[in-house]
2 protein chains.
Amino acid sequence: MIKVLGYAAKHSYSRLKRIQFEREEARANEIEIEVLFCGVCHSDIHQVKNEWSNTVYPCVPGHEIVGRVTNVGPGGTRHEVGDLVGVGCMIESCRHCDPCQSGDQNYCEGPNAWLATYNGPMVPAAKALNGGNMYGRDNTFGGYSDVMVVNEDFALKIPTNLKPEVAAPILCAGATTYSPLKHWGVKAGDNVGVIGFGGLGDMACKIAKAMGAQVTVFTTTSQKLEEAKRLGISGVLESDKDAMKEMKSSFDFMLSTIPEKHDINPFIELLKRDRTLCIVGALEPMAGVDNSAVAFHRKRVAGSLIGNLADTQEVLDFCAKHGIGPDIEIIDIQDVNDAFKKVEKGDVRFRYVIDMASLKRDESA
Amino acid sequence: MIKVLGYAAKHSYSRLKRIQFEREEARANEIEIEVLFCGVCHSDIHQVKNEWSNTVYPCVPGHEIVGRVTNVGPGGTRHEVGDLVGVGCMIESCRHCDPCQSGDQNYCEGPNAWLATYNGPMVPAAKALNGGNMYGRDNTFGGYSDVMVVNEDFALKIPTNLKPEVAAPILCAGATTYSPLKHWGVKAGDNVGVIGFGGLGDMACKIAKAMGAQVTVFTTTSQKLEEAKRLGISGVLESDKDAMKEMKSSFDFMLSTIPEKHDINPFIELLKRDRTLCIVGALEPMAGVDNSAVAFHRKRVAGSLIGNLADTQEVLDFCAKHGIGPDIEIIDIQDVNDAFKKVEKGDVRFRYVIDMASLKRDESA
C-alpha cells in the first residue's frame with residue numbers, strides 16, 4: 001500500500017482538512033502518478049457540500065490533475081516513468097456498453113456508469129439496475145492528494161509545450177466545453193454565444209475563438225465584461241435589453257456554463273432556427289423553459305457531460321497547438337477553503353490551480 | 001364582397017355564436033372555397049379563451065379545413081373549380097426570408113412571421129421589429145365559417161381516397177406530428193414514445209406505426225389505455241413506475257402531445273443517449289427540466305411547430321397511401337361549445353369535426 005497525503009471534507013458542512021490515507025499500488029495496466037497540480041472545479045464544491053445529494057465521505061475532491069508517472073504496473077505500455085500525464089473526471093468505465101464501445105466513456109451505460117475520479121461510481125451499487133458494484137468500491141479519492149493510481153487508459157498525455165499548471169483545468173473545464181462545441185459542429189464563421197464567464201466560460205470562449213467562431217460572452221457584471229475585453233472577447237451584459245434584442249435569432253450555437261439553476265429563456269430567443277443551446281454548467285433542475293420560444297423556430301435545449309477520453313486528449317493537443325489555455329491563479333492547498341468561497345462568489349479569474357508541492361509543507365496533521 | 005356565415009367568440013369568456021361577416025373576393029392567385037368540414041383543435045380553445053394572451057376579437061377559429069373550390073381568382077393555376085382542397089394553420093408567409101426560401105413557411109422570419117388562418121399575423125405589427133403590417137390586417141377568420149378565400153399556394157390537395165371529414169384534422173394534427181417524426185428521422189424499427197393520447201397523440205401513433213416504428217403511448221387514464229388497445233397501439237400508464245423503469249434508455253424518439261404545461265422529466269429518462277424528446281402540444285412555459293438527466297446522456301429537448309406546406313401535403317398523401325386517419329366524431333356547429341368543454345376534459349375520441357352544412361340550418365342569427 002502507498003501512504004498518501006490529501007485534503008478531505010469529513011461531512012457536508014466541514015472545511016477541507018489534511019488527511020492521510022492509503023492507495024493500492026499500481027496493478028496490471030495501472031500507473032502511479034506524483035500529483036504536481038490540481039485545478040479547483042466548481043464541481044468540487046458541489047460535491048464537498050453534498051449539493052447533488054450523493055456525496056460519500058470522506059470526500060477528497062480534484063479531477064483536474066497533472067502529474068508525473070513514478071511507477072508503471074505490470075503490462076503497462078501507454079506511459080513511461082517520467083512522463084507528464086493528466087487525469088480528468090473519469091478513471092474507469094464498463095468498457096462493454098454501446099457508448100464505451102463507441103468511445104463515449106462519459107456516457108457509459110454499465111450498471112455503475114463510469115467511475116469518477118472522486119466520489120466513486122456515478123451510479124452507486126444500491127441504485128444500479130442489477131445491484132452490482134462492478135468497480136469493487138463505493139468511494140474514490142481525487143487529486144487534492146500527492147499520489148494517484150489509475151488505469152493507464154484513463155491518463156492523458158500532456159503536450160510538451162503546455163505548462164502543467166495550465167494543462168490541469170483543461171482536463172475538466174477544457175474537455176467539458178470542447179466536447180459540445182465539437183459535437184454540435186461549431187466551425188469557422190459561426191456565431192457562438194457563451195453564457196457565464198467563470199472557469200468553463202473562459203475556456204469555452206477561447207476554444208470557440210480558436211475554432212474560428214465569432215464569440216460573444218454573456219455575463220451579469222460589468223467587471224467580468226472588462227475581463228472579457230482584456231482577453232479580447234466580445235461581451236454583453238444580460239441586463240442590456242437593447243443589445244439582447246438586436247441579437248435575436250443570430251446565434252448558431254450557445255453554451256451555458258453557469259454552474260447552478262438559471263433561466264435560459266432570454267438566450268433561446270437569440271438562437272437561429274433549428275439551433276441548439278447546450279447546458280454544461282448546471283446538473284440540477286433548471287428554471288422552466290417557454291416552449292413557444294423553442295417550438296416557433298424548432299430550437300433545441302441539450303445537455304452535455306464532460307468529454308470522452310479522445311475529446312480530452314484532443315482538447316489538450318488543440319490548446320497546445322493554438323497556444324491557448326485557462327487564465328489561472330496558483331494557490332497552496334492550505335488556501336483551498338478560502339478559494340472555495342471565492343469560486344462560489346465568482347471572484348476567481350478564472351481557475352484556481354493548487355500547487356501540490358504545498359501539501360508537503362503542511363504540518364497541521 | 002362575399003357574405004359569410006361563421007361562429008365567433010366576442011371576448012375571452014363568451015360562447016361561440018353565429019355571426020355574419022364579409023370576405024374580399026378572390027384576388028390574383030387566390031381561390032374561394034366552400035367549407036365542408038372543419039376539425040376542432042385544442043388551439044381553437046386556447047385562442048378563443050385568450051390563453052396565449054394574444055387573441056384579437058371577434059375570433060372565428062378553425063384551421064383544419066376541407067372544402068371545395070368554388071372560384072379561382074385571376075392567374076390561379078394550382079387548383080380548379082370543383083377540386084377538394086385543404087387549408088391548415090397558415091394562409092400566407094413573407095416568402096422572402098431564409099426559412100420561407102427553404103420551404104419552411106411555418107418558421108417564417110418575416111416581420112410578421114406567417115399569417116395564421118385565424119387570429120392574424122403570428123407577430124402583430126406593434127411587436128414586429130420594423131413595426132410594419134405586411135399582410136394589411138390584424139385579424140383573420142378561420143374555418144368555422146362557410147366560405148374561405150386563400151392564396152392558392154396555401155391550399156393543399158386532398159387525395160381522392162381520403163374522406164374529406166377524415167382529411168380535415170390531418171391539416172393540423174397530422175402535419176404537427178408528421179413534421180417532427182420526419183425531421184428527426186424516425187424509421188422502421190425505431191422505438192417511438194408518444195406522450196398524451198388526444199387528437200395529436202392519436203395521429204402521432206398511427207403515423208409513427210405506418211413509418212414502421214414500434215410505438216408506445218403514455219397516458220394517465222386506463223380508459224385511454226383501452227382506447228389505444230382497441231386501435232392496436234401499445235400503451236403504458238404514466239403512473240406505472242415499474243413499467244417506466246423497465247423502459248429506461250430505450251426510446252429513439254419521444255413526442256409530447258399534451259396541450260398544456262406538464263412535466264417531461266419522467267420521459268427524459270426513457271430516451272436513449274443522444275436522442276430527442278420533442279414537444280408539440282404545449283406552447284407555454286413548461287415545468288423545469290432536470291439538466292442532470294439531460295446531460296448524463298447528451299439528450300435534447302426540442303420543440304416543433306405545425307408543419308410546412310410540403311410536409312402538410314406529404315402527410316395527407318402518406319395517410320391516404322397507408323389507409324390511416326384520425327378517429328373522428330362529426331358534430332353540428334351548434335354543438336361546438338359543448339364540444340370545447342369535452343375537448344378540455346379529454347372526453348373526445350379523438351377529434352371533433354364540424355359538418356359545416358349544419359351552419360345553413362342555423363336560424364338563431
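A residue is called buried here if 20 or more other C-beta atoms lie within 10 Å of its own, exposed if 12 or fewer do, and partly exposed in between, with the C-beta atoms placed from the backbone. With that in hand, take B:Asn29: it has 16 other C-beta atoms within 10 Å, so it is partly exposed. B:Asn29 sits in the loop between strand E2 (17-23) and strand E3 (30-39) of chain B; helices (H or I, at least four residues) and strands (E, at least two) are DSSP runs, numbered from the N terminus.

Before going on, a word on the model. It is a predicted one, where local features need pLDDT of at least 70 and side-chain atom pairs count only at pLDDT 80 or more, while totals for chains, interfaces and linings use all residues. Residues are numbered from 1 along each chain as its sequence is written, and chains are lettered from A and ligands numbered from 1 in the order in which they are written.

Most residues other than glycine have a negative phi, and most peptide bonds are trans. Chain A has a case of positive phi too, at A:Asp274, with a value of about 65 degrees. That residue belongs to strand E14 (residues 271-279) of chain A, and it counts as partly exposed because it has 16 C-beta neighbours inside 10 Å.

Now for the peptide bonds. A:Tyr57 and A:Pro58 are joined by a cis one, with omega about -5 degrees, and A:Pro58 lies in the loop between helix H1 (42-48) and strand E4 (65-72) of chain A. Another cis bond runs from A:Arg349 to A:Phe350, with omega near -10 degrees. You'll find A:Phe350 in the loop between helix H11 (336-344) and strand E17 (351-355) of chain A.

Let's step back to chain A as a whole. Its domain assignment (bounds come from an automatic or database assignment) gives domain 1 (2-172 + 308-314 + 327-361) and domain 2 (174-303). Taken over C-alpha atoms, the centres of these two domains of chain A are 27 Å apart. Their contact takes 16 residues from domain 1 of chain A and 12 residues from domain 2 of chain A, where two residues are in contact if their C-beta atoms, placed from the backbone, lie within 7 Å.

What about the inside? The largest nonpolar core has 229 residues, and those with the most contacts inside it are A:Ala208, A:Ile354, B:Ala208 and B:Ile354. Such a core is a set of buried Ala, Val, Leu, Ile, Met, Phe, Trp, Tyr and Cys residues joined through C-beta atoms within 7 Å. Its largest share, 10 residues, comes from helix H3 (residues 164-183) of chain B. As for B:Ala208, leaving aside neighbours within four places in sequence, its contacts include B:Leu181, B:Val186 and B:Val192.

H3(B) also meets helix H9 (residues 309-322) of chain B: their axes come within 8 Å and cross at roughly 105 degrees. Axes are lines fitted to C-alpha atoms, for helices over the stretch in contact, and angles run from 0 to 180 degrees between N-to-C directions. H3(B) and H9(B) are therefore roughly perpendicular, a label for angles of 65 to 115 degrees. Among the residues making this contact are B:Ala167 and B:Ile170 of H3(B) and B:Val315 and B:Leu316 of H9(B).

Note on methods:
Angles under 35 degrees count as roughly parallel, over 145 as roughly antiparallel, 65 to 115 as roughly perpendicular and the rest as oblique.
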